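The exercises below go through one protein model. Try each task on the structure before reading its solution.

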Amino acid sequence: MTSRTCLSIILAAGEGTRMKSATPKVLHQIACLPMVAHVARAAERAGAEAVALVVGHGGDAVRKAAEGFAPKAEIFVQAERLGTAHAVLAARQAIAKGHDDILVMFGDTPLVEADSLELARQKLAEGAAVVVIGFRPPNPAGYGRLIEKNGRLAAIREDKDCSDEERKIGFCNAGLMAISGAHALKLLDQVGNTNAKGEFYLTDIVEIADKAGLAVIATEASFESVLGINNRAELAEAEAIWQNRRRRQAMLEGATLIAPETVYFSHDTEIATDVLVEPNVWFGPGVRVATGAVIHAFSHLEGAHVGPRAEVGPYARLRPGAELHEKAKVGNFCEVKKATVEKGAKVNHLAYIGDARVGAGANIGAGTITCNYDGFSKFFTDIGEGAFIGSNSSLVAPIVIGARAYVASGSVITEEVPEDALAFGRARQKTLPGKGKELRERFASAAAAKKAVAK
């Protein structure tokens, strides 16, 4: 297959009115990635080195999104919606470049697997002119049936046009298709619109090719793989299928998910062997977790890297730029943003560390915060190796806390603390004997007077 060139035409012009959204349907996300991006990735894994994206409604938004997941894609506009063949021909310029194989895909089938596309391409390599990808739904009612004769596909019959015998066929049209580049334009140009809707249907090329004596066959994909998304309920179903696939993959690759059904992965989450993930953990985009790390329950990670045997949570939040080195710990109700927590350092509980470095072996006490933002700019806090930051301390950035320095609990630190120094940044306590009783009596008297006036 490596010697054959391949163009993937992804149809993404549908308005998606049933989504009830201002966002183009194909940009709704599965695992934090637009549906159409999942389709483009499947095509790439199947060997498609060129992508033609046919857009319509929200074309500018789809085009802009494509820059992130398919930067080399050619964008074509289907100005009028006149059927699937008409949509494919919007990419005529790309088809005319003479690729060996052409994959026709849909931007709202995000679960399509590369194996199904590779099989279709293999059949083209073996001499087929058109390969239709079919599936066997639990209930075929409403789907177009694939009519086969002697191992060849003779026609695709819409459900309403099927005879009683044909309705018994469980093999249905998924819509996805592979077409030989040598025949593609000739076949597509013969598609007419003499039908009730006056549209140009891609499925008509099956009978056109068959009448021309060209080989037309059907291959089979799983029902889940070709599931199309039309509304929010189906989007949630597809999300669940994707998550179940990814969770199983993670466990088979050596991670332990105590309650897998409660763990949410993003499309690019990387989980190494011997990682332990407790229930109710959310992995946003850009997360890598190294061997032996533990992610405790109810933690939220995004754009973060967790090093070997590091520990996160429970109830921790790692925001983009968080870097935990080996055996580092970020404990319960802590938030780390754009900060490095070096080897063996501990941010145990109730702390905020942002725009900072926490040196190896340092200890961050409960309630500590790095005051990194003045309302206009962000500033950096550097905490040295082995430093001890007492509970409820505020480190006002920009600031440097030297190696092995000690910051007393309750301090507000605004100046550099040298190595091995002890810093206090709090007001001296003053105790007034008997003053507490006097204060209580005064407050009680004032409250009584206020009630009397109210009556």
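Buried means under 20% relative accessible area, exposed means over 50%, and partly exposed lies in between, with a 1.4 Å probe and protein chains only. Helices (H or I, at least four residues) and strands (E, at least two) are DSSP runs, numbered from the N terminus. The model is predicted: local features need pLDDT of at least 70, side-chain atom pairs count only at pLDDT 80 or more, and totals for chains, interfaces and linings use all residues. Residues are numbered from 1 along each chain as its sequence is written, and side-chain values use heavy atoms, with hydrogens and water left out.

**Exercise 1. Strand S7**

Task: Determine how many of the six residues of strand S7 are buried, and which strands pair with S7.

Solution. 
Step 1. S7 covers residues 130-135, and six of the six are buried, so the strand is largely enclosed by the rest of the structure.
Step 2. In a regular strand the side chains alternate between the two faces of the sheet. Here Val130, Val132 and Gly134 point one way, while Val131, Ile133 and Phe135 point the other way.
Step 3. Two strands pair if DSSP finds at least two bridges between them. S7 and strand S10 (residues 172-180) have five bridges and are antiparallel; valine 131 has alanine 178 of S10 as its bridge partner.
Step 4. S7 is also joined by five bridges to strand S11 (residues 216-220), this time in parallel. There, isoleucine 133 has threonine 219 as its bridge partner.

**Exercise 2. The nonpolar cores**

Task: Find which residues have the most contacts inside the largest nonpolar core.

Solution. 
Step 1. A nonpolar core is a set of buried Ala, Val, Leu, Ile, Met, Phe, Trp, Tyr and Cys residues joined through side-chain atoms within 4.5 Å.
Step 2. The largest core has 78 residues, and those with the most contacts inside it are Ile9, Leu117, Val130, Ile179, Leu202 and Ile205.
Step 3. A second, separate core has 60 residues, including Met35, Cys334, Val341 and Ala387.
Step 4. For contacts in general, the criterion is heavy atoms within 4.5 Å. Not counting residues up to four places away in sequence, isoleucine 179 touches, among others, Val130, Leu202 and Ile205.

**Exercise 3. A lysine in a loop**

Task: Decide whether lysine 25 is buried or exposed, and name the residue whose side chain it meets in a polar contact.

Solution. 
Step 1. Lysine 25 sits in the loop between strand S1 (6-12) and strand S2 (29-30).
Step 2. Its relative accessibility is 9%, so lysine 25 counts as buried.
Step 3. A polar contact is a pair of N or O atoms within 3.5 Å; within protein, one must be able to donate a hydrogen and the other to accept it, and residues adjacent in sequence count only if both atoms are side-chain atoms. The side chains of lysine 25 and aspartate 108 form such a contact at 2.8 Å.
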